[in-house]
Amino acid sequence: MDTSKGIWNRYRTSTPGLIQTLDLFIVFCGVMVVAVFGYGLVFTTQPFNAFISAIFATAGPLFFTISLRMQILNPKEFNNMSPEWAFLSYLACIGLLFFVISSFLG
Amino acid sequence: MSTSVPQEFDDTYRVHKFLQRSLKTLILLFACIVAFIIRFFSVVKYESIIHEFDPYFQYRASQYFIKNGMYDFHNWFDERTWYPIGRIVGPTVYPGLMWSAAAVYYFMEFIGFPVDVRNACMIVSPLWASFTVLITYKIVKAVWSKGAGLIAAMMIAVIPGYMSRSVAGSFDNECISIFALLLTFYFWIRSVQTGNLFYSVATALSYFYMASAWGGYVFIINLIPLYVLVMIVFGRYSDRLFAAYTTFYILGILLSMQIQFVSFMPVQSGEHLASFGMFGFCTVIEAVLFFYRLLTKEEFSRAIRVVIAVFVVVAAVALAVASYSGYITPWTGRFYNLLHPTYAKSHIPIIASVSEHQPTAWPHFFFDLHLTSIIFPAGIWFIFAKLKNQRSIVNVGTSKQALAEEAEVNAERRRNDGLFFILVYGLASLYFSGVMVRLMLVLAPVACIICAIALDKVSQNLFTVVTEQFTALKIGVMSKIAAHEEKKASSNKDKPKSLVSKEVIVSIVALATIVILLLIYGAHCLWAASTAYSSPSIVMAWYRQDGSVVMIDDFREAYSWLRHNTDVNARVMSWWDYGYQLTAVANRTVLVDNNTWNNSHIATVGTAMSSTEEDAYPILRMLDVDYILVVFGGMSGFSGDDINKFLWMVRIGGGVFPRIKEKDYLSKRGEYRVDREAGPAFLTSLMYSMCYYDFGKIQTMSQRPAGFDVLRGVEIGRKDISFKHLEEAYTSDRWIIRIYKVKKDESF
């Protein structure tokens, strides 16, 4: 218990506030993925294209946000990308994802 | 010496840069034009006509798409093929080709040069080859240098391995898919090098285009995870790789599912499992790294053991459940054959019989790749040499120079991630092109790239030697002049030392050799283009002894007869090779065509061809056949005739109808013959009868008996052929196509 409290405090103090918000969003998306998948397992996966769309709609932002987090925390690795540019590319990914999902949803 | 000016304003520098850029543009333009023009040999030699068999279906589908629009095309049910089953075209076709043809059609209309659909289809191949030239340049520029890019661009413009499937008129999936493949790889390389998600979006969109264009998109979705795995194994894992791969995976898979033919394969088939596995693996690695940075050493080591144990158990259980319950389909025939090359021959004769699926023979490698196949290993070596000792440097100190060096080394290392991809792509495609002839096409671009890398490196080294020598020469001469002016009287008793050293001579000779090799390569490609890969198959040319040309146009003659002399709804039975041509050119309903999706229907046709007339007649009536078409080469010497293909008909028919046994169709000694010693079942079969009807009365060659089969070089075994239920409807000029009408007896 103490170790997990210690880990939590270390996390709260060492990561910037913006990143903590992103992490919260990541956790939220993760919970949603599990929820959608669980619903599919327990009840039904039909219509299948709607199920797949739901999975991608929750898993997509999850991984895009992880990538955004990485790009903001470690810009040297990404050829000195500015956070604004990172965010713009993030928006492009989300845009394309939901554009396709809106058609795939049926 | 004047004071130095900034480089941008120095005139010599600017002129130099301008010349460099113009030269580069000119070379690229030239390469594009050559790529375009060299593919028009068949149009010049024959006419503007669609080649082979498969392109006829693509052409007919493009016509339908342009005439009826997107919605009707994707919901098209084709009743004129696979009678009486029909074919649902929407989910069984890769629409990218039709979209591309329509794009060309509408673009030409837009700029005021309207072309008909056939010519729009003709233009697609050469135009996309020009695009491929440009994208190859961009790829090599991204991983190596501009010079190598230009060499690669020039080489891929003419390489026969690519040209074989992309001449004007060869309107098939491959002609646009190689461009889509390289486009996807270019954006993938850039996205790994920079970690920019825009590039990942572009990769996903190009992958969508590729998935719409060719079944070979499976190659991409397995090569990229293989690359990620190899990168991880070689210690080159980085945040950029994670960002690039996960974004590409999510967007790419989602987009590829939009295509009806692909539908839900990416989440259900074994062919996509590798990419999903790598996706999970990358996520796991990233999660582990996150906790590694957050936790202390002991906390981490405690946690990791638990997590690994749990993960292994869960993954094994999930995989076992999914595979055994059949939810994850195993690799299907065509693709499984790539990993297990002898599988198809023993289990799935249809796949084994397709000539494009045979393993590649050695001469074919050299013919298709020529110079690039020889220099390929050298290129691989150079790539390894560049990748050696590429460890990223961190924290060497805070001095400005150290930081700059560190940044440079790390930038170089990031750039080399792309080079690593070329390596993996090259070696993987080398294996697959050895298994299946059709995949030579995938090897050709990377062979050009790797060969260009080698040639560029070698040329650079050689040029450096030469230019250093000439600079030294210039200085030496000038100092000699200066020294001479100082001395008044100098005796030239000393023999002047040789100004040109041995290394320079060798270098110049080596450079000249490279140039000559490239010229030979170019000449070979030109020759291959003009002779080997420019035949439209539907029209053939023979050269008489005096050099004059005879055009064999029997196919179109027969299709034209069918088109004008039979009822519009007549049904024609032929072997599946000619199905597409019959529906597109003759516009008649066929029973089986090149799509070969229904094995038992093809087996029924094969059985009908292999049985006697009496046994075949019920099958013919059951299938409502009006006409039967066979291809016969015994009079003209045309080697692709149905008699040569007959054993495949027997094997496929025998696979579904056990009463057809292959050994009945072979001679007593087990040979396949058409003379008196032919197999007894073969002599009485419908195919034999239809091909050799009335042939026994013809004197084909002087000094030979009547009924001498020119192609097989023997006198035929049975000449007294007569039909009870068929009558001969049409035989083409050189007896290549023979059409028989089925008599509908009232008593049946």
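The model is predicted.

Chain B comprises 748 residues, and 52% of these are buried. Its secondary structure amounts to 29 helices and 11 strands. Along the principal axes, the C-alpha atoms of chain B occupy a box of roughly 115 × 85 × 60 Å.

The interface between the two chains was examined next. In chain A, 36 residues make contact with 36 residues of chain B. About 3200 Å² is buried between the chains, and carbon and sulfur atoms account for 74% of this area. Glu77(A) pairs with Arg240(B) in a salt bridge, with 3.1 Å between the closest N and O atoms. On the side of chain A that touches chain B, helices H1 (2–14), H3 (48–73) and H4 (83–104) of chain A are the elements that each give two or more residues. H3(A) gives the most, at 13 residues.

Chain A also carries a nonpolar surface patch of about 620 Å². Phe37(A), Tyr39(A), Leu41(A), Val42(A) and Phe43(A) form this patch. Val42(A) belongs to helix H2 (residues 17–42) of chain A. The relative accessible area of Val42(A) is 62%, so this residue is exposed.

Thr184(B) sits in helix H8 (residues 173–194) of chain B. Its relative accessibility is 0%, and Thr184(B) is therefore buried. The side chain of Thr184(B) approaches the backbone oxygen of Ala180(B) to 2.7 Å. Beyond its neighbours within four places in sequence, Thr184(B) contacts Thr203(B), Ser206(B), Tyr207(B), Met210(B) and Ile220(B).

Asp641(B) lies in the loop between strand S7 (627–631) and helix H27 (642–656) of chain B. Asp641(B) counts as buried because its relative accessibility is 0%. A polar atom of the Asp641(B) side chain is 3.2 Å from the backbone nitrogen of Asn644(B). With residues up to four places away in sequence left out, Asp641(B) touches Val631(B), Phe632(B), Gly633(B), Gly634(B), Leu711(B) and Arg712(B).

Backbone geometry was inspected in several loops. The peptide bond from Gln46(A) to Pro47(A) is cis, and omega is near -15°. Pro47(A) is placed in the loop between H2 and H3 of chain A. In chain B, the bond from Tyr83(B) to Pro84(B) is cis, with omega near -5°. Pro84(B) falls in the loop between strand S1 (77–78) and strand S2 (87–88).

Positive phi values occur at non-glycine residues. Asn79(A) has phi near 60°. This residue is in the loop between H3 and H4 of chain A. Asn79(A) has a relative accessible area of 37% and is therefore partly exposed. Thr596(B) has a phi of about 45°. Its loop runs between strand S6 (589–590) and helix H25 (599–610) of chain B. Thr596(B) is partly exposed because its relative accessibility is 22%.

Technical notes:
Residues numbered from 1 in each chain as written. Chains lettered and ligands numbered in written order. Predicted model: local features only at pLDDT ≥ 70, side-chain atom pairs only at ≥ 80, totals over all residues. Heavy atoms only, no water. Patch = residues over 30% accessible without salt bridge, like charges linked within 9 Å, V, L, I, M, F, W, Y side chains within 5 Å. Areas by Shrake-Rupley, 256 points an atom, 1.4 Å probe, with all protein chains shown as cover. Salt bridge = Lys/Arg side-chain N within 4 Å of Asp/Glu carboxyl O. Helix = DSSP H or I, 4+ residues; strand = E, 2+ residues; numbered from the N terminus. Buried < 20%, exposed > 50% of the residue type's maximum accessible area, 1.4 Å probe, protein only. Polar contact = N/O pair within 3.5 Å; in protein donor to acceptor, adjacent residues only side chain to side chain. Contact = heavy atoms within 4.5 Å. Buried area = accessible area lost by both parts, 1.4 Å probe.
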